[in-house]
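This briefing covers side-chain contacts.

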Amino acid sequence: MKTPKESKRVLLQDIASATGYTVNTISHALQDKKDIAEATRVYIKKVADEMGYVRNNIASSLRSGTSRTLAVIVKEASNPFYAIMIDTIHDVAEKNGYTVIVFCTRDMQAQERKAVIIAIGRQVDGVLLFPSAKSEENLALLRRNGIPFVLVSRHMKNPDYDTVICDEEEGGYLAGTHLIKAGHRKLAFFYIFDVLFSSEQRIHGFLRATREAGIPDDDVHFYQYKSDRETVAQIKRWKAGGITGIFAFCDIEAWKFISCLQMSGLEQAFSLIGFDNIQGSIGFPSPLCSIDGSLQRLPEIAISILIDRIRGDQSPPKAVVLPVRLVCRGSCGCSD
């Protein structure tokens, strides 16, 4: 038995030696080309499988100029927001004959650049990128290397890029309106991260709703999470100040807020709405009102645009903005 050090990759020449066929015949058979008799193809594939042959895709991509591989660059795969979309991207990619490689950046430009460089080095055919706050240089690097890309979920305020997002501003407006209709007049926006484009747009929409309702700006508060302890203290101050309605930047952050509510012993003191409608795809024990941003449809459109670009689409950049909708599960405090 060979030790790992003595083992080596099985090559076409090894299969040729084992079967008595030429390397060219082996290659055609493994690609299922019809110039090789079916019985011969079946035999060669069987021997190759028994020998543990795995196709060298890097060598194949060098010959063909295409790798049939897409890179997906996200902040973190552990967040259901990204995980749901990665699943959709994988399914659509597979149907179109592509393999997906996922990179996580932690929303850091340096990590994102490393992911971009590795993707280019692996000769991916295209990139779906959830950009960080400082992605311009990384996008320029992709362009210099001729790699098609589409920005997903986040907007760089540059009309020269293909972008697919949901209507963040309208989502913020729907969230604010929902809380106001549920009877809340003193409101707060809770967030953990200041997210590129999204935070600004959701706050704009939220303030549009409160101002339309005649709520003074002084009665709309903003708080960025620093620690559980500080958040619990903030919750107690909000309770004392009469604040009752909370708009969390996203569902994951809404559940973090619920956790801090439980620590504070004020679980019933606040009504809450999130964003993303993760519960539309994954069950959670705490029902949450949320803004649905089309977590499945968004990546479907993005990968469709990317594949068109890979296939030679030279049309002007596309900026797709998907509609949002409110999903009420009762956490708003509505008595209906």
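Buried means under 20% relative accessible area, exposed means over 50%, and partly exposed lies in between (1.4 Å probe, protein chains only). This is a predicted model: local features need pLDDT of at least 70, side-chain atom pairs count only at pLDDT 80 or more, and totals for chains, interfaces and linings use all residues. Residues are numbered from 1 along each chain as its sequence is written, and side-chain values use heavy atoms, with hydrogens and water left out.

**Aromatic pairs**

- The structure holds 15 aromatic pairs. Rings of Phe, Tyr and Trp (its six-membered ring) pair if their centres lie within 6.5 Å; planes under 30 degrees apart are stacked, over 60 edge-to-face, and the rest tilted.
- Phe81 and Tyr82 form an edge-to-face pair, because their ring centres are 5.0 Å apart and their planes stand at 80 degrees. Phe81 is buried at 11% relative accessible area. Tyr82 is buried too, at 4%.
- Phe190 and Tyr223 are stacked, with ring centres 6.3 Å apart and planes at 20 degrees. This pair links distant parts of the chain: Phe190 is in strand 6 (residues 187-191) and Tyr223 in strand 7 (residues 220-224), 33 residues apart. Strands (E, at least two residues) and helices (H or I, at least four) are DSSP runs, numbered from the N terminus.
- Phe190 has a relative accessible area of 0% and is buried. Tyr223 is buried at 8%.
- Ring pairs also join Phe189, Tyr191, Phe206, Phe222 and Phe247 into a cluster.

**Charges over rings**

- Lys75 lies over the face of Phe193, 3.5 Å from the ring centre. The criterion is NZ of Lys or CZ of Arg within 6 Å of the ring centre and within 35 degrees of the ring normal.
- The charged end of Arg202 sits over the Phe275 ring, 3.6 Å from its centre.

**Salt bridges**

- The whole structure contains 17 salt bridges, each a side-chain nitrogen of Lys or Arg within 4 Å of a carboxyl oxygen of Asp or Glu.
- Glu169 and Arg208 form a salt bridge at 3.0 Å, N to O. Glu169 lies in helix 8 (residues 168-181) and Arg208 in helix 9 (residues 198-212), so the pair ties together parts 39 residues apart in sequence.
- Arg297 and Glu300 meet at 3.3 Å, N to O, in a salt bridge. They are three residues apart in helix 12 (residues 297-310), separated by about one helical turn. Arg297 is partly exposed at 46% relative accessibility, and Glu300 is partly exposed at 31%.
- Salt bridges with shared partners connect Asp162, Arg309, Asp313 and Lys318 in one network.
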